[in-house]
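The following paragraphs guide the reader through a single protein chain. The sequence and the model should be kept in view while reading.

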Amino acid sequence: MNVWRLYMKSAAGSSGILLISFVLLLGCSSVFIGLSDVAHSVTSSSSSASKPTLSTTSSSMYPKRNLDIPKNASKQIEIPLDCPAYDQTQTCPSNYPNILDPKEYRDHSSALTCPDYFRWIHEDLRPWAHTGITREMLERAKTTSTFRLIIVEGKVYVEKYRRAFQTRDVFTLWGILQMLRRNPGKVPNLELMFDCGDEPTIRKSNYQGPNATCPPPLFRYCGTDDKLDIPFPDWSFWGWPEINIKPWEILLKDIEEGNKKKRWMDREPYAYWKGNPEVSLSRHQLLKCNVSDTQDWNARIYVQDWKRESREGYKQSDLASQCTHRYKIYIEGIAWSVSEKYILACDSVSLLVKPHYHDFFTRSLMPLHHYWPARDDDKCRSIAFAVDWGNTHKQKAKGIGKAATKFVQEELKMEYVYDYMFHLLNEYAKLLTFNPIRPANAVELCAETIACPAQGLQKKFFMESMVKGPTYSSPCTMPPPYDASSLHAFLKRKESSIKQVELWEDNFWVNRTKQS
């Protein structure tokens, strides 16, 4: 039983109720402040006091139905879609297992430690570490949610509130189902709210101060430093049919093969960007950095017309064929952009125009190691200098591109994406102070309900990204939370690297002006 639920059940009498109320009020007024808010002002001697007080090792797991797998099984057990049965009954199969005997796991005692970006799970859930998550908090997140996800006794239900853009919600739910197919019986009962929009909405400043209420927990694809939304892997990991972007596992291999076609030294010595400039002012400004008759900022900018691409069969938008320049520009759209992982995978130096948003993995990236930081308020000169520096220091620039590609190939492969989802949902479920229930309007969800009626590219991407059956490997082992001193050192290192680049850039343009 969840520790929060056990305590509340045993706290009979007014003293227990008063204590719970005091903890909730105290936690929401001041305790939830994240380590990133204080890391810049702390010393190593004060680090231990900032760790979460709630630590649970048990959760409200449901009754388990074992999957009969022979000992030392050497072949993956596959659970195929049962579309004929679904077409007849319009219900989910009842024979899919919801537990894999832990004794059947391979390397159960020697699971690898998760990539470092998993540490941000602790930070993202820190606002509720001292209070837990009540049903009242959850219901307040409904205001902007696209759907409510419920897992009860191994079954998945969804209650939808509003339409998502294109098929974001469908592919997000599909991804969650694949994670559960991969880990039957290992995700506890839970309820969560998910917003498929771009902009984070839970403003941190609204939940600070002596009379503040607790923030509502809301999952979405990205976050910012001043918002409390919980980042979750985006839909495109399982494909984006509206613009013909393949599932990540397949596309990553395609990009890897594309990288082999042209060595870094043989690539065009310019910064490349191709995308839709209509979604943000910053991207519109980037168009001014394109080469012209009077100015060359070392950038080659192309507008992607997705409507035209759709009509012409996506011949000019193959991401695996766009790794032909030494440098590639990443610039945000309405919020963060799914393009970042494709750019990082390209062996090119990723020029990150100062981002204001982060997704679940990007906070662990280090400037001058994984990418080159570019200014947002002086894009053209910043890009021009970055390219000039890289073409002058070719081996160092090549190394930055290689480090990013290595990170993506080794630490952002689908196994780790699923493990991130697994750990995030497990840690979230530990915080719930109530018993999840199926709402009256929720419908059961399974692979059949999504994939069997699908057609065209949606069907193709569902089948290509479908987890065939349970994994025998344990999820990676979660790294510990940051303490204040280590997080301070990490953020300080990032800040110092960015300031170093800006200093180089300023000196470059001062010298260029003197020479002219």
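The second largest pocket of this predicted model holds about 760 Å³ of space. Its lining is made up of 32 residues, and those nearest the centre of the pocket are Trp240, Ile243, Arg283, Trp306 and Ser337. Two or more lining residues are contributed by each of strand E6 (268-275), strand E8 (325-330) and helix H11 (339-344). Strand E6 provides the largest share of the lining, with four residues. As a general principle, a probe the size of a water molecule, rolled over the atoms, shows where empty space is left.

Of the 516 residues in the chain, 56% count as buried. Among contacts with a separation of 6 or more, 79% are between residues 24 or more positions apart.

Helix H7 is mostly covered, as 14 of its 15 residues are buried. Helix H17 (residues 484-515) contains 32 residues, and the distance from its first C-alpha to its last is 46 Å, close to the expected 46 Å. The buried residues of H17 include Leu487, Phe490, Leu491, Lys494, Ser497 and Val501, and also Glu505, Phe508 and Trp509. An α-helix has 3.6 residues a turn, so residues three or four places apart point the same way. In H17, Leu487, Phe490, Lys494, Ser497, Val501, Glu505 and Phe508 are among the residues that are buried.

Attention now turns to the loops. Thr144 is located in the loop between helix H6 (135-140) and strand E1 (147-152). Because its relative accessible area is 29%, Thr144 is classed as partly exposed. Leaving aside residues up to four places away in sequence, Thr144 touches Arg162, Asp195, Thr201 and Leu218. With one of these, Asp195, the side chain of Thr144 makes a polar contact of 3.3 Å. Arg162 is 18 residues from Thr144 along the chain, and the C-alpha atoms of the two are separated by 8.7 Å.

A further loop, between helix H9 (281-286) and strand E7 (299-303), contains Asn290. The relative accessible area of Asn290 is 25%, so this residue is partly exposed. Its contacts, not counting residues up to four places away in sequence, are with Gln295, Ala299, Arg300 and Ile301. The C-alpha atoms of Asn290 and Ile301 are separated by 5.3 Å, although the residues are eleven apart along the chain. A polar atom of the Asn290 side chain lies 2.8 Å from the backbone oxygen of Ile301.

Finally, the backbone angles deserve attention. Most residues other than glycine have a negative phi. Glu153, however, has a positive phi near 50°, and Glu153 is placed in the loop between E1 and strand E2 (155-160). Its relative accessibility is 49%, so Glu153 counts as partly exposed. Leu368 likewise has a positive phi, near 70°, and lies in the loop between strand E9 (349-353) and strand E10 (372-374). With a relative accessible area of 27%, Leu368 is partly exposed.

Key. Residues numbered from 1 in each chain as written. Predicted model: local features only at pLDDT ≥ 70, side-chain atom pairs only at ≥ 80, totals over all residues. Heavy atoms only, no water. Expected span 1.5 Å × (residues − 1). Buried < 20%, exposed > 50% of the residue type's maximum accessible area, 1.4 Å probe, protein only. 1 Å grid on protein atoms, 1.4 Å probe; cavity = no way out; pocket = protein on both sides within 12 Å on 5 of 7 lines; lining within 4 Å. Points joined across faces, edges and corners; volume = space filled by probe spheres on them. Contact = heavy atoms within 4.5 Å. Polar contact = N/O pair within 3.5 Å; in protein donor to acceptor, adjacent residues only side chain to side chain.
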